[in-house]
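Have the sequence and the 3D view open side by side. The report below walks through the fold, element by element.

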Amino acid sequence: MSEYMWSYIPTSGHTPDDDLTGYKVEATDGHIGKVDKHSNEVGSQYIVVDTGVWIFGKEVMLPAGTITSVDHHSTTIFVSRTKDEIKASPEFDKDKHLGDPAYRDQLGGYYSSGH
């Protein structure tokens, strides 16, 4: 697993003080939802996306390493995965998985394996 999966890439446009809550999220092939929660904790950075009706109200966690850019002007985050890759990611339950190292390892493995 890439050690950088849980960190924003330096060219993403993200800074540690950014509040990304409410930003739109775009996969490589279209809109997937809005940021419900995010973490700026070094080594454990991620966004939680509320997908709304796209996948029936499911929330997904995306490691910061999947984020290619943050456009603050349009309040949009662009990720390097397709809608299908995100839809097929390990199921996220915020009550069980936030702060769970085993889930984080599972998710990091899924996204760093090229999904």
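Predicted model: local features only at pLDDT ≥ 70, side-chain atom pairs only at ≥ 80, totals over all residues.

Six strands build an open sheet, and the pairing is mixed. Their order across the sheet is β4-β3-β2-β1-β6-β5. Which strands stand at the edges? They are β4 (59-63) and β5 (67-71), each with a single partner strand. One side of each is therefore left without a neighbour in the sheet. On average, neighbouring strands of this sheet are turned by 35° against each other, direction ignored.

Start with β2 (residues 30-39) and β3 (residues 46-50). They run antiparallel and are joined by five bridges. Together they form a hairpin, with six residues between the two strands. Gly-43 sits in the turn and has a positive phi of about 85°.

On to the next pair. β3 and β4 also pair in the antiparallel sense, over five bridges. Asp-50 of β3 is the bridge partner of Lys-34. In β4, the bridge partner of Asp-50 is Glu-59.

The largest nonpolar core has 27 residues. Which residues have the most contacts inside it? They are Ile-47 and Ile-77. At least two residues of this core come from each of β1, β2, β3, β4, β5, β6 and α3 (101-112).

Residues up to four places away in sequence are not counted here. Ile-77 touches Leu-20, Tyr-23, Lys-24, Val-25 and Glu-26, among others. Its list also includes Val-35, Ile-47, Ile-67, Ser-69 and Val-70.

**Helix α3**

α3 has twelve residues. From its first C-alpha to its last it reaches 16 Å, close to the 16 Å expected at 1.5 Å a residue. Its buried residues are Tyr-103, Leu-107, Gly-108, Tyr-110 and Tyr-111. Seen down the helix axis, these fall within an arc of 160°, so they line one face of α3. They pack against β4, α1 (83-87) and α2 (94-97). The face turned away from this buried side carries Pro-101 and Ala-102, both exposed.

**Two single residues**

Ser-12 is in the segment before β1 (24-27). Thr-75 is in the loop between β5 and β6 (76-79). Are they buried or partly exposed? The table gives the values.

| Residue | Relative accessibility | Class |
|---|---|---|
| Ser-12 | 2% | buried |
| Thr-75 | 32% | partly exposed |

Buried means under 20% relative accessible area, so Ser-12 at 2% qualifies. Leaving aside neighbours within four places in sequence, Ser-12 is in contact with Ile-67, Thr-68, Ser-69 and Val-70.

Thr-75 has a backbone feature to check. Its phi is near 45°, a positive value in a residue other than glycine. Most residues other than glycine have a negative phi.

Definitions and conventions. Residues numbered from 1 in each chain as written. Heavy atoms only, no water. Pairing = 2+ DSSP bridges. Helix = DSSP H or I, 4+ residues; strand = E, 2+ residues; numbered from the N terminus. Axes fitted to C-alpha atoms, helices over the stretch in contact; angles between N-to-C directions. Buried < 20%, exposed > 50% of the residue type's maximum accessible area, 1.4 Å probe, protein only. Contact = heavy atoms within 4.5 Å. Core = buried A, V, L, I, M, F, W, Y, C linked by side-chain atoms within 4.5 Å. Expected span 1.5 Å × (residues − 1). Arc of directions from axis to C-beta.
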